[in-house]
Amino acid sequence: MDDWETPEDVRLSPSERLALLQIEANLRQDRRLAHRMHAAAHRMTGDHRSRRGVWLPLSVLLLLTASAFAAVTGVRTSAPAPLWCFALLWPLTLIQSFRLLCRVTRRARPGRRLTRWL
């Protein structure tokens with residue numbers, strides 16, 4: 001018998017069952033624990049953000065490129081349309097860049113690469 005197996009003839013008393021149900025209910029309400037358990041399950045299967053982890057850096061790169069293009073075009077031509085495009089794109093670029101920075105710093109651990117692409 002392993003440490004995790006229990007004999008089939010073991011029965012819990014009503015008070016023990018109630019205590020166990022309360023513990024399980026409290027654990028279900030802990031969102032951080034649920035998130036960590038979910039992430040651990042994905043790490044065990046090898047499917048941890050394999051596709052999702054690419055979109056944020058890609059969106060930051062595309063937004064930076066589009067913002068730079070709109071800014072340079074607006075300055076060179078003095079046309080209002082590219083400047084307005086820059087004015088709309090730049091806050092989105094900053095928000096996405098901040099999200100990427102938060103993700104990178106959250107994952108950073110001593111002796112480990114920041115992310116798989118950095």
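Helices, here, are DSSP runs of H or I with at least four residues, strands are DSSP runs of E with at least two, and both are numbered from the N terminus. By that rule the protein chain has four helices and zero strands, and from the N terminus on its elements run α-α-α-α. This is a predicted model, in which local features need pLDDT of at least 70 and side-chain atom pairs count only at pLDDT 80 or more, while totals for chains, interfaces and linings use all residues. Residues are numbered from 1 along each chain as its sequence is written, and side-chain values use heavy atoms, with hydrogens and water left out.

**The chain as a whole**

- Of the 118 residues of the protein chain, 14% count as buried, where buried means under 20% relative accessible area, exposed means over 50%, and partly exposed lies in between (1.4 Å probe, protein chains only).
- Contact means heavy atoms within 4.5 Å, and among contacts between residues at least 6 apart in sequence, 51% join residues at least 24 apart.

**Helix α4**

- Helix α4 covers residues 80–107, and at 1.5 Å a residue its 28 residues should span 40 Å, which agrees with the 41 Å between its end C-alpha atoms; the expected span is 1.5 Å times one less than the number of residues.
- A kink of about 25° lies at L89 in α4, shortly before the proline P91, the bend at a residue being the angle between axes fitted to the seven residues ending there and the seven starting there.
- The buried residues of α4 are P82, T93, Q96, L100, R103 and V104.

- Rings of Phe, Tyr and Trp (its six-membered ring) pair if their centres lie within 6.5 Å, and planes under 30 degrees apart count as stacked, over 60 as edge-to-face and the rest as tilted.
- By this rule the count comes to one aromatic pair, formed by F86 and W90, which is stacked at 5.7 Å centre to centre with 20° between the planes.
- Both F86 and W90 lie in helix α4, four residues apart, about one turn of the helix.
- F86 is partly exposed, with a relative accessible area of 26%, and W90 also counts as partly exposed, at 34% relative accessibility.

**T93 and S67, between α4 and α3**

- T93, found in helix α4, is buried with a relative accessible area of 1%, and S67, found in helix α3, counts as buried at 1% relative accessibility.
- The side chain of S67 makes a polar contact with the side chain of T93 at 3.0 Å, a polar contact being a pair of N or O atoms within 3.5 Å; within protein, one must be able to donate a hydrogen and the other to accept it, and residues adjacent in sequence count only if both atoms are side-chain atoms.
- A polar atom of the T93 side chain also lies 2.9 Å from the backbone oxygen of L89, the residue at which the kink is placed.
- Not counting residues up to four places away in sequence, T93 touches L63, L64 and S67, while S67, with neighbours within four places left aside, is in contact with F86, L89, W90 and T93.
- T93 and V60 are 33 residues apart in sequence, yet their C-alpha atoms are 6.2 Å apart in space.

**Helix α1**

- A search of the whole structure finds one salt bridge, defined as a side-chain nitrogen of Lys or Arg within 4 Å of a carboxyl oxygen of Asp or Glu.
- That salt bridge joins R28 and E24, whose closest N and O atoms are 3.8 Å apart.
- R28 and E24 are separated by about one helical turn, because they are four residues apart in helix α1 (residues 14–29).
- R28 is exposed, with a relative accessible area of 61%, whereas E24 counts as partly exposed at 32% relative accessibility.
- R17 lies in helix α1 and is partly exposed, with a relative accessible area of 46%; a polar atom of its side chain lies 3.1 Å from the backbone oxygen of L12.

**The loop between α3 and α4**

- S78 is found in the loop between α3 (52–77) and α4 and is exposed, with a relative accessible area of 60%.
- S78 has a positive phi of about 60° although it is not a glycine. Most residues other than glycine have a negative phi.
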